[in-house]
Number of protein chains: 2
Amino acid sequence: MKLTILGCHSATPRINTHPTSQVLEIRNHIFLIDCGEGTQVQLRKNKVKFNRIKHIFISHLHGDHCFGLVGLISTFRLLTREADLHIYAPKGLKEVITMQMKLSDSWTNYKLIFHELTSRESELIFEDDKVEVYTIPLDHRIYTNGFLFKEKENERKLLLGNAEEAKINKAYFRKLKQGFDVINEEGELIKNDTVTKAGSAPKSYAFCSDTAYNESIVPIISNVDVLYHESTFLEKLSHLADKTKHATAKQAATIAKKANVKKLVLGHFSTRYDNITEFINEASEVFENVEVAEAGKTFEF
Amino acid sequence: MKLTILGCHSATPRINTHPTSQVLEIRNHIFLIDCGEGTQVQLRKNKVKFNRIKHIFISHLHGDHCFGLVGLISTFRLLTREADLHIYAPKGLKEVITMQMKLSDSWTNYKLIFHELTSRESELIFEDDKVEVYTIPLDHRIYTNGFLFKEKENERKLLLGNAEEAKINKAYFRKLKQGFDVINEEGELIKNDTVTKAGSAPKSYAFCSDTAYNESIVPIISNVDVLYHESTFLEKLSHLADKTKHATAKQAATIAKKANVKKLVLGHFSTRYDNITEFINEASEVFENVEVAEAGKTFEF
């Protein structure tokens, strides 16, 4: 998996700070997560291929998470896109986008499929043979979801030498990778674990923004490889975090610790902070493996 | 008057090309004309004071002219703006913006006043004691207006020495600037033109984008100081201009010539052109005083 941060600041786009948007590359998918104003330019800066984006996940309908979407949809149209585009977003966005297209008489020449989210419980919203995506209900001023991206169990790795020595026909290699025992060319049963080893552990990523401190997400995100958790404020302004239903760096770290995640990435910083390293200092007192997001930064895991 | 180009390209925002937006400074007003995605960042780059923008004019509801507006309105709210904001735009935009605010539960703490435009005739849409703004009905794929910004007649200039010599009480100076004859301290009638001279000529600016070649605008914009006219294409692609109801550089220059304007500024270039100077070459064969727009460029007149 590879995570690219396109923007990780809250509220208003400025010259050097961009609102929330990220690209997650996972098993041949390119998933776009949130789409603040200016996202399409950030996609270009980070050389993301537009036509490879087929699924967009929108956490909530505050502008710094979705005002760039209608422009991106229009650009796809101008680029004569043909592939379907799936958008997973709170109910309401479909109506706005449809009205904007109607007013500009600019209908897409590709299929635009909205998956409107309304549930207050975590639910499976995307699945194929390699990946699952679940919502993570968050606690913000309006209806908001985070998203949990999980690889499915990886195939077993073939031990080619062992398999050849065991006289297994190549036609059975696929079955072996899927974990089955097979019959060799001499009619003997070959136990799977003598000719394969476990595949690499499936990875997982949890995106949690925007949200107040909310322990109810801990069971959903427990043991993920990377948790992106918003930390709009430092503890000194925890009263503002409470009031606006955002989190502090310390609160994000506490969630990371309780959920036993492997790495914490902090983001959604208020533009009032010039020195982002203070977020690391505050969080690392609670949870050690922490980094800050930054536009253009990538995380591979 | 001072015109600052924030963006002058068509269709999609890219790293170095910005969709349409301009700032016109005219008699203490700062008028924003169109507001493509990214306009608020361009305003910051060009150091335009956000709280001085009180009137925004939107030509039409294609995204490259209006997708930045909802974000700007939100940013004004976050900056705790109190002053009224007037938006002059085709009918429909109010409904979209209102829906977006409703969905994000983010109502403005200032008065947001929409002036919905529907007329197919040129109409006066703003007036105070110094400035008038008229629509310029354009010919595009959807309902579109250009805007004509006109200073009113300037006051006469007082010839202070003459006025003192004529023994006119200072209390009458205001009347003199307004063109009236007055009575001096000795009871004599003083003819206005003996103690004043004509004020500077009032200036005017016409913004015309997006539009096909359309001679019906000529009487409305005749003799303006500066005409901004779109030229999305060069003549080689005039079939595309016809098809999409845009203009070529040559067509823009023809309108400038017929309207006897003082200067033509070309803009709304298709992002397919790397070399914008070709637009100058093509237009100047028809109309000599022509320049190209460029993000960050200013025109004073």
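Me: In which sense do strand β4 and strand β5 of chain A pair?
Reply: A friendly note before we start: this is a predicted model, where local features need pLDDT of at least 70, side-chain atom pairs count only at pLDDT 80 or more, and totals for chains, interfaces and linings use all residues. Residues are numbered from 1 along each chain as its sequence is written, chains are lettered from A and ligands numbered from 1 in the order in which they are written, and side-chain values use heavy atoms, without hydrogens and water. Strands are DSSP runs of E, at least two residues, numbered from the N terminus, and two of them pair if DSSP finds at least two bridges between them. Here β4 (residues 53–57) and β5 (residues 85–90) of chain A have three bridges, and the sense is parallel.

Me: Which residue in β5(A) is the bridge partner of F57(A)?
Reply: We stay with the pairing of β4 and β5 of chain A. Within β5(A), F57(A) has as its bridge partner Y88(A).

Me: Which are the edge strands of the open sheet of chain A?
Reply: The seven strands follow the order β6-β5-β4-β3-β2-β1-β18, with mixed pairing. An edge strand pairs on one side only, which gives β6 (112–117) and β18 (298–300) of chain A.

Me: How many salt bridges does the rule find across the interface of chain B and chain A?
Reply: Each chain brings 33 residues to the contact (heavy atoms within 4.5 Å). The rule asks for a side-chain nitrogen of Lys or Arg within 4 Å of a carboxyl oxygen of Asp or Glu. Across this interface, the number found is zero.

How values were computed:
Helices (H or I, at least four residues) and strands (E, at least two) are DSSP runs, numbered from the N terminus.
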